[in-house]
Amino acid sequence: MSNGSFPPEPGRRGGTLAIVLAALIPACFAGWLLWSSVGGAKDDGASGAGGTGAPTTSSTSSPPPPSSGASGASGASATPSPSGKASGDVPGEGSGKTLKGKVVVIDPGHNPHNRDHPSQISRSVDIGTEEKECDTTGTATNSGYPEASFTLDVARRARTLLEARGATVRFTQDGDRPYGPCVDERAEIGNKAHADAVVSVHADGAAAGERGFHVILPKSVRGGGADTSAITVPSRHLGERLLDRFERATGSEPAQYIGDGSGLDVRGDLGGLNLSTVPKVFIECGNMRDSQDAAELTDAAWRGRAARGIAQGITDFLNE
(Lines give C-alpha, C1' and ligand atoms only; values in the text may rest on other atoms or scores of the structure.)
Protein backbone atom coordinates (compact mmCIF):
# COMPACT_ATOMS: atom_id res chain seq x y z
CA MET A 1 0.00 0.00 0.00
CA SER A 2 1.73 3.14 -1.21
CA ASN A 3 1.77 6.75 -0.06
CA GLY A 4 1.00 5.77 3.44
CA SER A 5 -2.73 5.13 2.62
CA PHE A 6 -4.86 2.99 4.76
CA PRO A 7 -7.95 1.02 3.67
CA PRO A 8 -11.25 2.62 4.77
CA GLU A 9 -12.80 1.29 7.83
CA PRO A 10 -15.94 -0.88 7.27
CA GLY A 11 -18.26 1.58 8.96
CA ARG A 12 -17.08 4.52 6.90
CA ARG A 13 -17.48 2.55 3.59
CA GLY A 14 -21.15 1.66 4.33
CA GLY A 15 -21.97 5.28 5.21
CA THR A 16 -20.54 6.55 1.95
CA LEU A 17 -22.63 4.04 -0.09
CA ALA A 18 -25.81 5.07 1.72
CA ILE A 19 -25.17 8.72 0.92
CA VAL A 20 -24.64 7.95 -2.80
CA LEU A 21 -27.81 5.86 -3.03
CA ALA A 22 -29.82 8.54 -1.23
CA ALA A 23 -28.78 11.02 -3.90
CA LEU A 24 -29.37 8.71 -6.89
CA ILE A 25 -32.86 7.39 -6.07
CA PRO A 26 -34.68 10.77 -6.17
CA ALA A 27 -32.86 11.66 -9.38
CA CYS A 28 -33.93 8.40 -11.07
CA PHE A 29 -37.54 8.82 -9.92
CA ALA A 30 -37.64 12.38 -11.27
CA GLY A 31 -36.32 11.13 -14.60
CA TRP A 32 -39.00 8.44 -14.78
CA LEU A 33 -41.72 11.01 -14.11
CA LEU A 34 -40.37 13.23 -16.90
CA TRP A 35 -40.36 10.30 -19.36
CA SER A 36 -43.91 9.28 -18.39
CA SER A 37 -45.31 12.75 -18.95
CA VAL A 38 -43.64 13.23 -22.32
CA GLY A 39 -43.28 9.83 -23.94
CA GLY A 40 -45.58 7.46 -22.10
CA ALA A 41 -48.69 9.60 -22.63
CA LYS A 42 -48.62 9.04 -26.38
CA ASP A 43 -50.39 5.70 -26.09
CA ASP A 44 -52.88 6.70 -23.38
CA GLY A 45 -56.49 6.21 -24.51
CA ALA A 46 -55.62 4.87 -27.95
CA SER A 47 -58.59 3.02 -29.39
CA GLY A 48 -57.05 1.14 -32.27
CA ALA A 49 -53.95 -0.66 -33.46
CA GLY A 50 -52.61 2.61 -34.81
CA GLY A 51 -52.72 4.30 -31.40
CA THR A 52 -54.50 7.38 -32.70
CA GLY A 53 -55.64 8.46 -29.26
CA ALA A 54 -59.32 8.81 -30.26
CA PRO A 55 -61.53 9.78 -27.29
CA THR A 56 -63.57 7.05 -25.67
CA THR A 57 -67.35 7.19 -25.44
CA SER A 58 -68.63 9.38 -22.65
CA SER A 59 -70.58 7.73 -19.86
CA THR A 60 -73.40 10.15 -20.62
CA SER A 61 -73.74 9.16 -24.26
CA SER A 62 -76.87 7.32 -25.35
CA PRO A 63 -76.44 3.57 -25.70
CA PRO A 64 -76.55 2.23 -29.26
CA PRO A 65 -80.01 1.05 -30.30
CA PRO A 66 -80.55 -2.72 -30.09
CA SER A 67 -80.35 -4.79 -33.23
CA SER A 68 -83.58 -5.42 -35.07
CA GLY A 69 -85.74 -8.38 -34.18
CA ALA A 70 -89.33 -9.17 -34.92
CA SER A 71 -90.06 -10.52 -31.47
CA GLY A 72 -88.26 -7.97 -29.31
CA ALA A 73 -90.06 -5.18 -27.53
CA SER A 74 -88.02 -2.54 -29.29
CA GLY A 75 -87.33 -4.37 -32.53
CA ALA A 76 -85.52 -1.35 -33.94
CA SER A 77 -82.73 -1.18 -36.44
CA ALA A 78 -80.14 1.58 -36.62
CA THR A 79 -79.67 1.09 -40.37
CA PRO A 80 -80.81 3.86 -42.70
CA SER A 81 -84.29 3.60 -44.13
CA PRO A 82 -84.94 3.73 -47.89
CA SER A 83 -85.66 7.44 -47.49
CA GLY A 84 -82.18 7.99 -46.07
CA LYS A 85 -83.39 8.82 -42.56
CA ALA A 86 -82.02 7.02 -39.54
CA SER A 87 -84.39 4.36 -38.29
CA GLY A 88 -83.28 4.33 -34.66
CA ASP A 89 -82.47 6.76 -31.88
CA VAL A 90 -80.05 9.49 -32.80
CA PRO A 91 -77.05 9.18 -30.42
CA GLY A 92 -76.74 12.01 -27.95
CA GLU A 93 -80.28 13.35 -28.47
CA GLY A 94 -81.86 12.34 -25.21
CA SER A 95 -82.73 8.70 -25.82
CA GLY A 96 -81.34 7.81 -22.40
CA LYS A 97 -82.90 10.65 -20.40
CA THR A 98 -84.69 9.55 -17.28
CA LEU A 99 -88.47 9.77 -17.01
CA LYS A 100 -88.57 8.98 -13.31
CA GLY A 101 -91.61 10.59 -11.71
CA LYS A 102 -93.40 11.04 -15.05
CA VAL A 103 -96.77 9.44 -15.78
CA VAL A 104 -97.56 8.45 -19.36
CA VAL A 105 -100.90 7.08 -20.50
CA ILE A 106 -100.97 5.12 -23.75
CA ASP A 107 -104.35 4.63 -25.36
CA PRO A 108 -104.29 1.68 -27.79
CA GLY A 109 -107.02 2.61 -30.26
CA HIS A 110 -110.14 0.42 -30.24
CA ASN A 111 -110.25 -3.03 -28.64
CA PRO A 112 -109.85 -6.45 -30.29
CA HIS A 113 -113.14 -7.53 -28.68
CA ASN A 114 -115.24 -4.57 -29.86
CA ARG A 115 -116.51 -6.58 -32.83
CA ASP A 116 -118.21 -8.99 -30.42
CA HIS A 117 -120.18 -6.19 -28.73
CA PRO A 118 -121.79 -4.10 -31.49
CA SER A 119 -124.67 -2.76 -29.40
CA GLN A 120 -122.45 -1.63 -26.53
CA ILE A 121 -119.93 0.22 -28.66
CA SER A 122 -122.57 1.85 -30.88
CA ARG A 123 -124.36 3.63 -28.03
CA SER A 124 -123.95 7.41 -27.88
CA VAL A 125 -121.78 9.24 -25.37
CA ASP A 126 -121.32 12.95 -24.71
CA ILE A 127 -118.01 14.35 -26.00
CA GLY A 128 -118.72 17.88 -24.78
CA THR A 129 -119.61 19.50 -28.09
CA GLU A 130 -121.88 16.73 -29.41
CA GLU A 131 -122.71 13.07 -29.00
CA LYS A 132 -120.84 10.29 -30.77
CA GLU A 133 -120.72 6.52 -30.63
CA CYS A 134 -118.91 4.93 -27.70
CA ASP A 135 -116.23 3.36 -29.90
CA THR A 136 -115.75 1.49 -33.18
CA THR A 137 -114.05 -1.70 -34.27
CA GLY A 138 -111.38 0.24 -36.13
CA THR A 139 -110.13 -0.55 -39.60
CA ALA A 140 -108.02 -3.41 -41.00
CA THR A 141 -105.65 -4.19 -43.85
CA ASN A 142 -107.05 -5.81 -46.98
CA SER A 143 -105.58 -9.10 -45.74
CA GLY A 144 -107.55 -8.80 -42.47
CA TYR A 145 -104.92 -7.59 -39.98
CA PRO A 146 -106.97 -5.50 -37.49
CA GLU A 147 -106.08 -2.01 -36.40
CA ALA A 148 -106.87 -3.06 -32.81
CA SER A 149 -104.15 -5.73 -32.95
CA PHE A 150 -101.67 -3.26 -34.42
CA THR A 151 -102.33 -0.60 -31.78
CA LEU A 152 -101.90 -3.03 -28.89
CA ASP A 153 -98.63 -4.39 -30.22
CA VAL A 154 -97.08 -0.95 -30.79
CA ALA A 155 -98.39 0.33 -27.45
CA ARG A 156 -96.86 -2.58 -25.55
CA ARG A 157 -93.50 -2.09 -27.23
CA ALA A 158 -93.56 1.63 -26.42
CA ARG A 159 -94.48 0.85 -22.81
CA THR A 160 -91.39 -1.37 -22.45
CA LEU A 161 -89.13 1.42 -23.69
CA LEU A 162 -90.72 4.11 -21.52
CA GLU A 163 -90.70 1.99 -18.37
CA ALA A 164 -87.01 1.25 -18.96
CA ARG A 165 -86.46 5.00 -18.73
CA GLY A 166 -88.29 5.21 -15.41
CA ALA A 167 -91.76 6.34 -16.49
CA THR A 168 -94.97 5.06 -14.94
CA VAL A 169 -97.04 3.87 -17.91
CA ARG A 170 -100.75 3.17 -17.81
CA PHE A 171 -103.02 1.81 -20.53
CA THR A 172 -106.65 2.63 -21.23
CA GLN A 173 -107.05 -1.02 -22.20
CA ASP A 174 -104.69 -3.93 -22.70
CA GLY A 175 -107.01 -6.38 -24.42
CA ASP A 176 -108.29 -7.21 -20.96
CA ARG A 177 -111.77 -5.69 -21.26
CA PRO A 178 -114.80 -7.16 -23.03
CA TYR A 179 -115.06 -3.98 -25.13
CA GLY A 180 -114.13 -0.31 -25.09
CA PRO A 181 -113.60 1.73 -23.03
CA CYS A 182 -115.77 4.39 -24.62
CA VAL A 183 -114.06 7.55 -25.85
CA ASP A 184 -115.22 9.61 -22.87
CA GLU A 185 -113.78 7.07 -20.42
CA ARG A 186 -110.52 6.93 -22.37
CA ALA A 187 -110.10 10.66 -21.77
CA GLU A 188 -111.05 10.32 -18.11
CA ILE A 189 -108.38 7.65 -17.52
CA GLY A 190 -105.66 10.10 -18.54
CA ASN A 191 -107.24 12.89 -16.50
CA LYS A 192 -107.50 10.84 -13.31
CA ALA A 193 -103.90 9.66 -13.71
CA HIS A 194 -102.78 13.31 -13.90
CA ALA A 195 -100.74 12.17 -16.86
CA ASP A 196 -97.83 14.25 -18.08
CA ALA A 197 -98.57 13.02 -21.60
CA VAL A 198 -101.19 10.86 -23.30
CA VAL A 199 -100.80 9.31 -26.75
CA SER A 200 -103.59 7.47 -28.52
CA VAL A 201 -102.17 4.98 -31.04
CA HIS A 202 -104.10 4.35 -34.27
CA ALA A 203 -103.73 3.44 -37.94
CA ASP A 204 -105.83 5.11 -40.62
CA GLY A 205 -108.34 3.65 -43.05
CA ALA A 206 -108.00 6.08 -45.95
CA ALA A 207 -108.28 5.28 -49.63
CA ALA A 208 -105.72 3.04 -51.29
CA GLY A 209 -102.82 5.06 -52.68
CA GLU A 210 -102.86 7.48 -49.74
CA ARG A 211 -99.70 6.92 -47.73
CA GLY A 212 -97.93 8.19 -44.63
CA PHE A 213 -98.59 8.97 -40.99
CA HIS A 214 -100.00 12.00 -39.21
CA VAL A 215 -100.52 13.32 -35.69
CA ILE A 216 -103.90 14.70 -34.58
CA LEU A 217 -103.91 17.68 -32.21
CA PRO A 218 -106.81 18.97 -30.10
CA LYS A 219 -108.63 22.01 -31.39
CA SER A 220 -109.41 24.76 -28.91
CA VAL A 221 -113.01 23.92 -28.00
CA ARG A 222 -115.30 24.79 -25.12
CA GLY A 223 -118.75 23.45 -24.56
CA GLY A 224 -120.51 21.07 -22.20
CA GLY A 225 -117.81 19.04 -20.51
CA ALA A 226 -115.18 20.01 -23.07
CA ASP A 227 -112.57 22.71 -22.52
CA THR A 228 -109.22 22.22 -24.24
CA SER A 229 -107.98 25.79 -23.83
CA ALA A 230 -105.28 24.76 -21.33
CA ILE A 231 -103.92 21.82 -23.31
CA THR A 232 -103.78 22.97 -26.94
CA VAL A 233 -100.29 24.50 -26.68
CA PRO A 234 -98.57 21.66 -24.77
CA SER A 235 -100.39 19.10 -26.92
CA ARG A 236 -98.97 20.75 -30.03
CA HIS A 237 -95.49 20.53 -28.54
CA LEU A 238 -96.06 16.83 -27.83
CA GLY A 239 -97.36 16.30 -31.36
CA GLU A 240 -94.39 18.05 -32.95
CA ARG A 241 -91.93 15.90 -30.99
CA LEU A 242 -93.81 12.75 -32.03
CA LEU A 243 -93.86 13.84 -35.65
CA ASP A 244 -90.12 14.39 -35.70
CA ARG A 245 -89.12 11.23 -33.88
CA PHE A 246 -91.59 8.94 -35.66
CA GLU A 247 -90.32 10.10 -39.05
CA ARG A 248 -86.71 9.52 -37.99
CA ALA A 249 -87.35 6.11 -36.47
CA THR A 250 -89.49 4.64 -39.25
CA GLY A 251 -88.40 6.54 -42.35
CA SER A 252 -92.10 7.13 -43.11
CA GLU A 253 -93.18 10.41 -44.65
CA PRO A 254 -95.95 12.62 -43.23
CA ALA A 255 -99.24 11.97 -45.02
CA GLN A 256 -99.97 14.26 -47.95
CA TYR A 257 -103.72 13.56 -47.99
CA ILE A 258 -104.43 15.36 -44.73
CA GLY A 259 -103.12 18.36 -42.79
CA ASP A 260 -101.70 20.05 -45.92
CA GLY A 261 -98.81 17.59 -45.87
CA SER A 262 -97.48 18.94 -42.58
CA GLY A 263 -98.14 15.70 -40.71
CA LEU A 264 -100.25 17.62 -38.18
CA ASP A 265 -104.05 17.74 -38.20
CA VAL A 266 -106.20 19.72 -35.76
CA ARG A 267 -109.62 18.31 -34.88
CA GLY A 268 -112.47 19.23 -32.54
CA ASP A 269 -114.70 16.20 -33.09
CA LEU A 270 -112.82 13.55 -31.12
CA GLY A 271 -114.05 12.85 -27.60
CA GLY A 272 -110.66 11.50 -26.54
CA LEU A 273 -109.19 14.95 -27.18
CA ASN A 274 -112.14 17.21 -26.35
CA LEU A 275 -112.55 15.79 -22.85
CA SER A 276 -108.86 15.64 -21.97
CA THR A 277 -107.47 18.00 -19.35
CA VAL A 278 -103.86 16.84 -19.87
CA PRO A 279 -101.63 17.07 -22.97
CA LYS A 280 -102.87 14.49 -25.46
CA VAL A 281 -102.54 13.64 -29.15
CA PHE A 282 -103.48 10.86 -31.55
CA ILE A 283 -100.98 9.31 -33.95
CA GLU A 284 -102.19 7.58 -37.11
CA CYS A 285 -99.14 5.44 -37.88
CA GLY A 286 -100.01 4.73 -41.50
CA ASN A 287 -102.83 3.81 -43.86
CA MET A 288 -103.93 0.21 -43.45
CA ARG A 289 -105.82 0.27 -46.75
CA ASP A 290 -102.74 1.08 -48.81
CA SER A 291 -100.70 -1.96 -49.79
CA GLN A 292 -97.30 -0.33 -49.24
CA ASP A 293 -98.21 1.08 -45.84
CA ALA A 294 -99.89 -2.19 -44.91
CA ALA A 295 -96.68 -4.08 -45.66
CA GLU A 296 -94.94 -1.95 -43.03
CA LEU A 297 -97.75 -1.99 -40.47
CA THR A 298 -97.86 -5.80 -40.56
CA ASP A 299 -94.08 -6.12 -40.14
CA ALA A 300 -92.98 -6.71 -36.54
CA ALA A 301 -89.60 -5.04 -36.99
CA TRP A 302 -91.26 -1.91 -38.40
CA ARG A 303 -93.69 -1.86 -35.47
CA GLY A 304 -90.65 -1.91 -33.20
CA ARG A 305 -89.31 1.17 -34.93
CA ALA A 306 -92.72 2.83 -34.69
CA ALA A 307 -92.77 2.19 -30.94
CA ARG A 308 -89.26 3.60 -30.64
CA GLY A 309 -90.31 6.77 -32.43
CA ILE A 310 -93.34 7.19 -30.18
CA ALA A 311 -91.33 6.55 -27.00
CA GLN A 312 -88.61 8.97 -28.06
CA GLY A 313 -91.10 11.68 -29.00
CA ILE A 314 -92.70 11.40 -25.57
CA THR A 315 -89.26 11.43 -23.92
CA ASP A 316 -88.27 14.58 -25.77
CA PHE A 317 -91.51 16.31 -24.78
CA LEU A 318 -91.22 15.38 -21.11
CA ASN A 319 -87.60 16.59 -20.97
CA GLU A 320 -88.26 20.01 -22.51
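The lining of the largest pocket comprises seven nonpolar, ten polar and ten charged residues. Here Ala, Val, Leu, Ile, Met, Phe, Trp, Tyr, Cys and Pro count as nonpolar, Asp, Glu, Lys and Arg as charged, and the others, Gly among them, as polar. The model is predicted: local features need pLDDT of at least 70, side-chain atom pairs count only at pLDDT 80 or more, and totals for chains, interfaces and linings use all residues. Residues are numbered from 1 along each chain as its sequence is written, and side-chain values use heavy atoms, with hydrogens and water left out.

The largest pocket holds about 460 Å³ of space. Its lining numbers 27 residues, and His110, Thr136, His202, Leu270 and Phe282 lie nearest the centre. Two or more lining residues come from each of strand E3 (131-133), H4, E5, H6 and E10. E5 gives the largest share, four residues. Helices (H or I, at least four residues) and strands (E, at least two) are DSSP runs, numbered from the N terminus. A cavity is a set of points where a 1.4 Å probe fits but cannot get out; a pocket is an open set with protein on both sides within 12 Å along at least five of seven lines. Lining residues have an atom within 4 Å of a point. Grid points are joined across faces, edges and corners, and a volume is the space filled by probe spheres set on the points.

The whole structure contains two cavities of 30 Å³ or more. The second largest cavity has a volume of about 30 Å³. Gly212, Ser252, Cys285, Gly286, Asp293, Glu296, Leu297 and Trp302 form its lining. Strand E10 (280-287) and helix H7 (291-297) are the elements that give two or more residues to this lining. The largest share, three residues, belongs to H7. By class, the lining of the second largest cavity has three nonpolar, three polar and two charged residues.

The protein chain has eight helices and ten strands. Of its 320 residues, 44% are buried. Buried means under 20% relative accessible area, exposed over 50%, and partly exposed in between (1.4 Å probe, protein chains only). Among contacts (heavy atoms within 4.5 Å) between residues at least 6 apart in sequence, 78% join residues at least 24 apart.

Helix H5 (residues 232-250) has 19 residues. From first C-alpha to last, H5 reaches 26 Å, close to the 27 Å expected at 1.5 Å a residue. The expected span is 1.5 Å times one less than the number of residues. Buried residues of H5 include Leu238, Leu242, Arg245, Phe246 and Ala249. An α-helix has 3.6 residues a turn, so residues three or four places apart point the same way. The buried residues of H5 pack against strand E5 (197-204), strand E6 (214-218), strand E9 (264-267), E10 and helix H8 (300-318). Gly251 follows H5 and has a positive phi, near 80°.

Arg186 lies in helix H4 (residues 183-192). Arg186 is buried, with a relative accessible area of 5%. Its side chain makes a polar contact with the side chain of Thr172 at 3.5 Å. A polar contact is a pair of N or O atoms within 3.5 Å; within protein, one must be able to donate a hydrogen and the other to accept it, and residues adjacent in sequence count only if both atoms are side-chain atoms. Beyond neighbours within four places in sequence, the contacts of Arg186 include Asp107, His110, Asp135, Gly180, Pro181 and Lys280.

Backbone geometry was examined next. Most residues other than glycine have a negative phi, and most peptide bonds are trans. The peptide bond from Gly180 to Pro181 is cis, with omega near 10°. Pro181 lies in the loop between strand E4 (168-171) and H4. His110 has a positive phi, near 70°. His110 sits in the loop between strand E1 (103-108) and helix H2 (118-122) and is buried at 8% relative accessibility. His194 also has a positive phi, about 50°. His194 occupies the loop between H4 and E5 and is exposed at 63% relative accessibility.

Gly271 is located in helix H6 (residues 271-274). Gly271 is buried at 5% relative accessibility. Gly271 and Glu130 are 141 residues apart in sequence and 8.9 Å apart in space, C-alpha to C-alpha. Neighbours within four places in sequence aside, Gly271 is in contact with Ile127, Val183 and Ala187.

Note on methods
1 Å grid on protein atoms, 1.4 Å probe; cavity = no way out; pocket = protein on both sides within 12 Å on 5 of 7 lines; lining within 4 Å.
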